[in-house]
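User: I have a protein model to study. Can we go through it step by step?

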Amino acid sequence: MSVISLSELPLIHHETLDLLEWPRLCQHLSTFAATKRGTLVAQALQPPETQAASVSLLTQTQEADWLEQNNSGLNFGGIRDIGTAVERAYRQGLLGGEELLAIATTLNGARQLRRTIDAQPPEDLPVLQDLVADLRTHPELEQQIYHCIDDRGDVTDRASPKLGDIRDRLKSTRQDIQQRLQRILQRQSGAMQELLITQRGDRFVLPVKAPQKDAVPGIVHDASASGATLYVEPQSVVELGNRLRQLLRQEKTEEEIILRQLSDAVAEVYDDLSHLLAVVTELDLAHARARYSLWLEANPPRFVESQEQTTLRQLRHPLLVWQQRHEQGPEVVPINLLIRPELRVVAITGPNTGGKTVTLKTLGLAALMARVGLYVPAREPVEIPWFGQVLADIGDEQSIEQSLSTFSGHIRRIGRILAALSGGGGEVGDVGEVAMEEVSVLSPHPPTHPPTNALILLDEVGAGTDPTEGTALAIALLKHLADRAHLTMATTHYGELKALKYQDARFENASVEFDEATLSPTYRLLWGIPGRSNALAIARRLGLNAGVIDAAATLMATGSQDDVNQVIAGLEAQRRQQEARSQEAAELLAATEKLHREVQHKADMLRDREQELKLQQQAAVQQAIAEAKRDIAKVIRRLQQGDATAQDAQRATEAVDAIGQSRLPAAAPTPAKPGYRPAVGDRVRIPSLGQTAEVLTAPDDDHRITVRFGLMKTTVSLADIESLRGEKAEVPVKTKPADTVPAAQAAPPAPAIRTSRNTIDLRGMRVAESEAVLEEAIAKGSGALWIIHGHGTGKLKAGVHEYLKRHPQIQRFEPAAQADGGNGVTVAYL
């Protein structure tokens, strides 16, 4: 994301950001950044120049918000501000171990960020995934740095064989020095101030008492402050000390060679690292915007076109929200801004300290927040135009040094605003006078100019001079801005400005509410009704002399302003009545919605209870059927043993069928499509076999046809087939004899009973052999077939099951009951 410095902004834009306290908001945003570079960029954040850029930033924020709420957000662990180090390496500078280690951890951190984003569904993070698509993290460079640099930023012994050899010799030399010094300490302990070995620079020395220095011949490198102790390098270790110093120089030289190689490797990928740093910073800013927006409990804005209404309900000032939560400030009073598309100027009136200026700043900050991709602290939906320019004249620009009065300061700043609207930068010294001359010569019917997408905020417009001239100037200025700016909001105490609404449909009145009972403002913004300044009431509340206030009230009663104030007071009373009725209606609607939710909840509970009862009933039926089937199994075993008769099994089957028909819910039949008559060559479906077949013959007298599927031919009834579109074949109805048993009273099918005729033993056979036996048994059999394959290695059982799955005449198969062989026997139903 490109960052515009403050020095590059036109003067009026710079002034507006300061007047709206934008730097303070950026400071708050920076506290949610995770990296140092992200913090710095957030503190100097400037609005983009195009709506497309704002939409892209907003999409980034929304996707980072999705990650924050669904995937614990982005982890920026290991990311460091490596910009300076990379730039120095590119300019052939030598990087230190800590800088190289920071580059390695940044590469690893960027790779983890990319993995987190790429692991999400593409439809959820299209913009962020596109952002990291070209990110190159150079794992080979990272591994090279980790191989040569340890966690403290020091060059490792394994960085090069030569460095490892030098350090081995260093270690050996230090050990030799230590051993020799230890022997001297033991022999000359009486001459020592302390029994220890210390260093002065890179030389190992012993603390020798000054009077006994001759006991330890050598070089004196230092002395204590009192002179009582001399730090002597014994003569016997001087040569070793010199060798140690040489080895240290060789070590430093070799370390610099390694650092130079790594620095050159960094310089080779300068472009990739610069791009990586920019992408990581952009991700951090999106992450910070999302976290700050969540903290504000804000909602994403939608940029509306010029013919759409601006909707900002329950809009809160973000700096006041921060003050409330972090500095124990007062509760923030939200405002509602519902601005019709045809409006160009809104005049806000009302008492001082009532919140008029805060309203201007709140709207200005909301426009800037939406423009940089932040959510807006308002209730959904948040609909606001994209303002390419936000220009403000708020506060007092009085300056003794520049010989500027309050009025002159306002005029100069308004001049810069008009210059910016006309395309100038607003920085020329006399542009204020030139621009105001343009306003002063406005004709009563000025030419219509297409308004720019600018938001103009004017505080106390026309104030600081004679009220008559100030009013005329304010009216002319607002009419001028109505032709040239998308929206202007101005605060004023001039009563004449309140009448513009009734002369021009592009104007609207608003006011800040004043509670006359407590003589204090409520900070609520009211639309459509001009406000009163309530100067006397506020003066009374602030303790001004009562006699002065009474005299002022008497003087006001003699003028026409009192009649206007009475009219405004009446309108405010009507508004309060309407608000009370609206509140009652809202409460009634809320109660109705609550009742509806309760009724819906009870209906859902009844539906769930009904479903639960059905499930319980079906479970009970299934249990009863299972018990009946166990009885049938007992009967079948007795039949096999010769103790029972088929009539017993028949009676048991009838009992099971009776239970199923009386308790289990019947499945709704699929509606058939009659009228289809197959012809030779048609493709038909045989639902009972689950096959699609070709018709070979026309229907015979028994309404049967011959079909072929695969290599098999068979004859089926017209009732057993349907077309590929689900149409049932038309079967002529035969007249039944009078004594035919009705279908409902037909005897149920007899249960499958195992006999020697429907049992085959495949044990000892190979899979290929068993398939031939199975095919013959299936062709001859009907009902159920018991197949004994045993346990063994399981290959025969698997082969049998695979064959049964493929066979078109097998409806299903399952393991036999435990009494019939369990898993060693399979029962296949034809």
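User: Which strands does helix H10 lie across, and at what angle does it run to S2?

Analyst: The model is predicted. Helix H10 covers residues 238–268. It lies across S2, S3 and S4. Its angle to S2 is about 145°.

User: In what order do the 4 strands of the open sheet come?

Analyst: Strands of a sheet pair through backbone hydrogen bonds, either parallel or antiparallel. Here the pairing is antiparallel. The edge strands, S1 (198–200) and S3 (218–223), each pair on one side only. The order is S1-S2-S4-S3.

User: What is the bridge partner of Val220 in S4?

Analyst: S3 pairs with S4 (residues 229–234) in the antiparallel sense. The two strands share 5 bridges. In S4, the partner of Val220 is Val232.

User: How are H2 and H11 oriented to each other?

Analyst: Two packed helices are described by the angle between their axes and the distance between the axes. For H2 (residues 22–30) and H11 (residues 270–296), the axes are 9 Å apart and the angle is about 100°. Angles of 65 to 115 degrees count as roughly perpendicular. H2 and H11 are therefore roughly perpendicular.

User: Which residues in H11 do Leu25, His28 and Leu29 meet?

Analyst: Leu25, His28 and Leu29 are in H2. On the H11 side, they meet Ala288, Arg289 and Tyr292.

User: Is Cys26 buried or exposed?

Analyst: Buried means under 20% relative accessible area. Cys26 has 1% relative accessibility, so it counts as buried.

User: How many disulfides does the structure hold?

Analyst: A disulfide is a covalent bond between the sulfur atoms of two cysteines. The number of disulfides in this structure is 0.

How values were computed
Residues numbered from 1 in each chain as written. Predicted model: local features only at pLDDT ≥ 70, side-chain atom pairs only at ≥ 80, totals over all residues. Heavy atoms only, no water. Disulfide = S-S within 2.5 Å. Buried < 20%, exposed > 50% of the residue type's maximum accessible area, 1.4 Å probe, protein only. Axes fitted to C-alpha atoms, helices over the stretch in contact; angles between N-to-C directions. Parallel < 35°, antiparallel > 145°, perpendicular 65-115°, else oblique. Contact = heavy atoms within 4.5 Å. Pairing = 2+ DSSP bridges.
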